[in-house]
Amino acid sequence: MRTSRRAFLSAAVTGAALTMADAGGAVAGTPDGPDALLGAMDLDRKVGQLFVVRVHGHRATAPDAADERANRSLHGVADAAELIARYHVGGIAYYSWTHNIRDPLQVAALSAGIQRAALAQPVPVPVLISTDQEHGAVTRIGPPAALLPGAMALGAAGAPADARSAARIAGTELAAMGIRQNYAPVADVNTNPANPVIGVRSFGSDPKAVAALVAAQIRGYREAGVAATAKHFPGHGDTAEDSHTGLPVLDRTRAEWEALDEPPFAAAVAAGVGSVMTAHIVVPALDPSGDPATLSHRIVTGLLRERLGHRGVIVTDSLGMAGVRKRYRDDEIPVRALLAGCDQLLNPPSLPRAHEAVIRAVRAGELTEERVDRSVLRILRLKQALGLLDTVRGLGAGLGSGGAAVGAVVGNPAHLTAADRIAECATTVLTNRGGLLPLSPAGRRCLLVTGADPAAPTGTGTAAAPTTVLAEALVRLGFTAAAAPTGLAPTPEGIARAEAAARGHDAVLVCTYNLGAHSAQRTLVDRLTATGVPVIAVALRNPYDIVQLPDVTASLALYSWSDTELRAAARVLAGAAAARGRLPVAVPPLFPLGHGLQYPSVLVGTGAEWRRI
């Protein structure tokens, strides 16, 4: 990896790092450098380092009974400590649905417990703990952690400096909890409005702009001591199928791929990205074999390693996804991924079966041990660059922060203020007939907030519904606002109630979520506009919703629906913050790339004062 170890360590999280006494202590004289560690490993341990897996439970030992049952079913072990002892895994990935994430202190304690278990092994190798904290639509860790704008929102803000700041904040908070590899940023260029899996997870549709934001985020994560992961190579932005459920085909020519999909990944490599994640997609112009990119030597080695010059780690997308399981058996896939050039094997359907398959392939001569060694060395060198191997020598750097430090870092006021400011810059006003916006309590005080109420992006996030959060924010800005949600699929009765309620208000805000031409959400909006009350559409996720809403008075695109974005939207609606966001994608046939209506802040007081309400 091109990034120096000093660059990572110089930005380590302030606070009490886990000491060797806390970590259980390594035996004096144990190997501590990548080459020495590799030399101390037998084949079983080497193969274990290749795997990054999930484990259920909020503690490294003695998890809740249901989580222990899940672990025994999945891996044949009770908990994370036993998983490490039996399979010597190199990485563990955290998810809310595996009950790894309750609150920052608990996550930090889980990380410390995992590292204690790893350093207690005969060959002590710290675990590289990872997660998908993209922010926006994919957010694993919710409040009190800072909820930052996601990729497309950052694209709408259009400032690489803000993207870098967001990554530095996100990385600093992850590092405080012991998470040192993040599966972000998304480097896919979203050129297909109907893309079912990328969409707002992308920075936008302009390869040059996406490349600049990707590089900025990689630098921000590096400053925080976290390895960023550019994904999903060679580019998932123009697919019409979700690789979680099928095998998408990217139907581009080689020249189109080089012009549209390659630039952000080239920028990521040039910025010294720690790892790149592969996509389970077929790209006939790059490899006519029909194999998904994850299993393609032409794509992984020929393009990513040789053409782009990536020398860091290559991690597969989850090997449990349908896209990689269409052509080969589960025990063939890990071996084929290694032969293609991948290093880390993420979440195979069966770790016992996958682990044994790789060992069997080496012993049969299908895969050489030297090939395994190359991947293990890359993984160990990444751990070294992050300071994790210092724990083997008793220096204690890089595993996580003590309780006081976690509380001081995660969700601190400076982070929350920065998140609010960036979200304001991202909020995009798409239409504004008759200058309805910004709203004023003096002219249109009584507001109704209705429409879609998708679950929070985080599995552990806000309990309040988006309509409620938006209404409460408007009340704090001086309006009288009532929330009357109708859900993602409003019923005729719900639509009738919203229509009746609208007639007693000065304006109606209706939240939409991935609205289609024949959606009941569109029926709701049509009935509301027919009342004659001004209707403001608030697209919570996809900016493309506005195409289906020709008769609304005004409309906004938020790109995500966390509390941060919703409260920022309220400030923009009320003129407490300026309208500055610009579309990072085209919305045909209505708006070109870069469209966005602007107006200044009109309320008395500083932006910081209004963000506190």
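Reader: Which residues line the largest cavity?
Author: A cavity here is a set of points on a 1 Å grid over the protein atoms alone where a 1.4 Å probe fits but cannot get out, and lining residues have an atom within 4 Å of a point. This is a predicted model, where local features need pLDDT of at least 70 and side-chain atom pairs pLDDT 80 or more, while totals for chains, interfaces and linings use all residues. Numbering runs from 1 along each chain as its sequence is written, and side-chain values use heavy atoms, with hydrogens and water left out. The lining is M41, R45, Q49, I84, H88, V89, A118, Q121, V123 and V125.

Reader: How much space lies in the largest cavity?
Author: Grid points are joined across faces, edges and corners, and a volume is the space filled by probe spheres set on the points. By this rule there are nine cavities of 30 Å³ or more. The largest cavity holds about 100 Å³.

Reader: Now the open space: which residues are closest to the centre of the largest pocket?
Author: A pocket is an open set of points with protein on both sides within 12 Å along at least five of seven lines. The largest pocket has about 450 Å³ of space. Of the 25 residues lining the largest pocket, the closest to its centre are D132, R140, H244, D317 and M321.

Reader: In what order do the eight strands of the open sheet run, and which are at the edges?
Author: Two strands pair if DSSP finds at least two bridges between them. The pairing in this sheet is parallel, in the order β7-β6-β5-β4-β3-β2-β1-β8. Pairing on one side only, the edge strands are β7 (313–315) and β8 (345–346).

Reader: Which residue of β2 stands opposite R54?
Author: Strand β1 (residues 51–54) and strand β2 (residues 91–93) run parallel, joined by three bridges. The one opposite R54 is A93.

Reader: Is strand β12 covered on one face or both?
Author: Six of the six residues of β12 (507–512) are buried. On one side those are A507, L509 and C511, and on the other V508, V510 and T512. The covered faces are both.

Reader: Which residues stand opposite L509 in β10 and β13?
Author: β12 pairs in the parallel sense with β10 (residues 446–451) over five bridges. Five bridges also join β12 to β13 (residues 535–539), again parallel. Opposite L509 are V449 and I536.

Reader: How many disulfides are there?
Author: A disulfide means a pair of cysteine sulfur atoms within 2.5 Å. For C511, which is in no disulfide, the nearest cysteine sulfur is that of C446, 17 Å away. The search of the whole structure gives zero.

Reader: What is the omega from K231 to H232?
Author: H232 is found in strand β5 (residues 227–233). Most peptide bonds are trans. The one from K231 to H232 is cis, with omega near 5°.

Conventions
Helices (H or I, at least four residues) and strands (E, at least two) are DSSP runs, numbered from the N terminus. Buried means under 20% relative accessible area, exposed over 50%, partly exposed in between (1.4 Å probe, protein chains only).
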